[in-house]
Amino acid sequence: MLHVYITRPIPDNGIAMLKSAGYRISLQKERRDLSTKELITTLATKKPDALLSFLTNRIDSRVLSAAPSLKIISNFAVGYDNIDVATAHEKGIVISNTPCIEVVNSVAEHTFALMLALSRRIVEADTFTRSKKYKGWDPDLLVGHDVYGKTLGIVGLGAIGRGVAQRANKGFGMKILYTDMKRDEGFEKEYGATFMPLEKLLAEADIISLHVPLLPSTHHLITGKTLKLMKKTALLVNTARGPVVDEKAILKALYAKKIGGFALDVFECEPHIDCVPADRYELAKLSAVIMTPHIASATHGAREGMAREAAQNIIDFFGGKQPKNLIK
Ligand code: GLV
């Protein structure tokens, strides 16, 4: 009987799929992440054939070496920067992820929620109202920026970037600029989008939304030099990965009012809000910043979709089919 080790609880639909396909399941039942040491010991002792992991499980060469029986790592996430993919592939271990439509919709909606909240100062307004400061209608109170008809720059045209562009163009009449490794003429036609290099996009967009995976080439894609290219009123939204943005540079730009605002769901030194020294909450001191705790894919539908895809990737692989979400 093939054995799947799951590093923390997932929705029941995924467990049911694996069980009815005849897998033996070991589940780490606590709602916490295993340390690298615990993961090494567990894999070495339990010797699973498949590992169902989370983006918070750092799977480096030491972990991979402790698991000689492992054939597949099914990551319950869209991103897979937590896994040393090159070493896994050298060892013949297959990697898969869960970029299902439910996650695409959930992250695109969260990105839009951040965009609207930042433009319309929703968090400031909520704090103001709760603290009993509202004394009557005032035309100068908490004036924000329009979103309708503005120019949106999409950095990274994967499924989530496309989902954001669709909402922006069809729902909010936004002009779409995008940058990616390659052009997509079909996308350009459908949304009237314009392909351009990052530098030009940063200079022209009113709102910039990041949707690139974390790779050596995207680490600190947004830094002091690139921030300087942006409009003084530009808003930046990051629902991709924290280290795509140089946190120190963005703090400097925000304090100097070189850009209009920053909304983020991911942090450079996650789970810390700040890098060094950790957690002085510098970002939280700025009203032009909105933060959410890595919840862009946190809808019931998305979590169930992720559990389904994570289980299906394992079932397909051992059934002799190429998993749909194979990382190459
Ligand atoms: C979340 O960040 C994911 O990669 O699924």
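A polar contact is a pair of N or O atoms within 3.5 Å; inside the protein, one atom must be able to donate a hydrogen and the other to accept it, and residues adjacent in sequence count only if both atoms are side-chain atoms. Keep that in mind for the tour of this predicted model, where local features need pLDDT of at least 70, side-chain atom pairs count only at pLDDT 80 or more, and totals for chains, interfaces and linings use all residues. Residues are numbered from 1 along each chain as its sequence is written, and side-chain values use heavy atoms, with hydrogens and water left out.

**Stop 1: the ligand**

Select the ligand, then show L55, A77, V78, G79, R241, H294 and M306, the residues around it (a residue is near if one of its heavy atoms lies within 4 Å). This shell has four nonpolar residues, two polar and one charged. Here Ala, Val, Leu, Ile, Met, Phe, Trp, Tyr, Cys and Pro count as nonpolar, Asp, Glu, Lys and Arg as charged, and the others, Gly among them, as polar.

Now look at the backbone: a polar atom of G79 is 2.7 Å from an oxygen atom of the ligand, and a polar backbone atom of V78 is also 2.7 Å from a ligand oxygen. Which residue brings a polar side-chain atom to 2.7 Å from an oxygen atom of the ligand? Click on R241 to find that atom. The protein buries 89% of the 190 Å² that the ligand exposes when taken alone (accessible areas by the Shrake-Rupley method with a 1.4 Å probe; for residues, only the protein chains shown count as cover).

**Stop 2: two helix pairs**

Helices here are DSSP runs (H or I, at least four residues), as are strands (E, at least two), numbered from the N terminus. Select 12-20 and 300-318: α1 and α12 pack at about 20°, with axes 7 Å apart (lines fitted to C-alpha atoms, for helices over the stretch in contact; angles run from 0 to 180 degrees between N-to-C directions). That angle makes α1 roughly parallel to α12 (under 35 degrees; over 145 is roughly antiparallel, 65 to 115 roughly perpendicular, the rest oblique).

Next, select 101-119 and 159-172, where α5 and α7 pack at about 55° with axes 8 Å apart; they are therefore oblique to each other.

**Stop 3: a loop**

Finally, find P271 between β11 and β12. The peptide bond from E270 to P271 is cis, with omega near 5°.
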